[in-house]
Amino acid sequence: GGLELAHALAQQLVARDPNFAPARALLAYAYMLTSDPNINETSRRDPEMVEKARSTAQDALRLDSRNALSRAVLANIQGIEGKWVDAEDLYRQAIALDPNDADVLHRYSLTLSVAGRIKESLTLREKLRTLEPFVPVYNIFTAYIMRHNGQNEAAIAILKGLPAEPAAALFPTEILAQAYASEKRYGEAADTILAFR
């Protein structure tokens, strides 16, 4: 899939130029995503991949202390470990270095939402939508967070505008059905679920 391809390409870039910090940061990001059970559909996070992500991100920072993505990877790891203050500090550093890095904004926003800071998360998501309005995964999570903030109609509008991707449609279908049900549009909620089957 796409993650394996990104992983392979990042490894090739690092092999070609071991001192190129952006390639190392990209590889660290790929390791971090590989460790995620929600992405890999495994029962638990892979600690070996988390450690590879950490060490590779640290290598990228040694090569370039201003690399925003490597700070975001380390921030994500701090969040995984429940070190929210450290995670937020690293995310803020990353955003200060590159305020328009979509992946950094996305990850920081997710961390804020998990911490229950929904309004702050949505502020970042608004900026993310301005920067990258057509990236499906960003829009799905924006709708998800909006739904948790009671913005069901806005979430519905976003989800209905997504391209049809049957292989990855369960999560957005669930969110859309829940948003319809929250608005007492039960027929549309049922139709959404039935159409997925």
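**Aromatic pairs in the predicted model**

Four aromatic pairs were counted, a pair being two rings of Phe, Tyr or Trp (its six-membered ring) with centres within 6.5 Å. The structure is a predicted model, in which local features need pLDDT of at least 70, side-chain atom pairs count only at pLDDT 80 or more, and totals for chains, interfaces and linings use all residues. Residues are numbered from 1 along each chain as its sequence is written, and side-chain values use heavy atoms, with hydrogens and water left out.

One of the pairs joins Tyr 91 and Tyr 108. Their ring centres lie 5.1 Å apart and their planes meet at 20°, so the pair is stacked (planes under 30 degrees apart; over 60 is edge-to-face, the rest tilted). Tyr 91 belongs to helix α6 (residues 84-97) and Tyr 108 to helix α7 (residues 102-114), so the contact ties together parts 17 residues apart in sequence. Helices here are DSSP runs of H or I with at least four residues, numbered from the N terminus. Tyr 91 is buried, at 0% relative accessibility. Tyr 108 is buried too, at 6%. Buried means under 20% relative accessible area, exposed over 50%, and partly exposed in between (1.4 Å probe, protein chains only).

Phe 141 and Tyr 144 form an edge-to-face pair. The centres are 6.4 Å apart, with 80° between the planes. Both residues lie in helix α9 (residues 136-148). They are three residues apart, so about one helical turn separates them. Phe 141 is partly exposed, with a relative accessible area of 22%. Tyr 144 is also partly exposed, at 30%. Together with Phe 171, Phe 141 and Tyr 144 make up one aromatic cluster.

Conventions
Helices (H or I, at least four residues) and strands (E, at least two) are DSSP runs, numbered from the N terminus.
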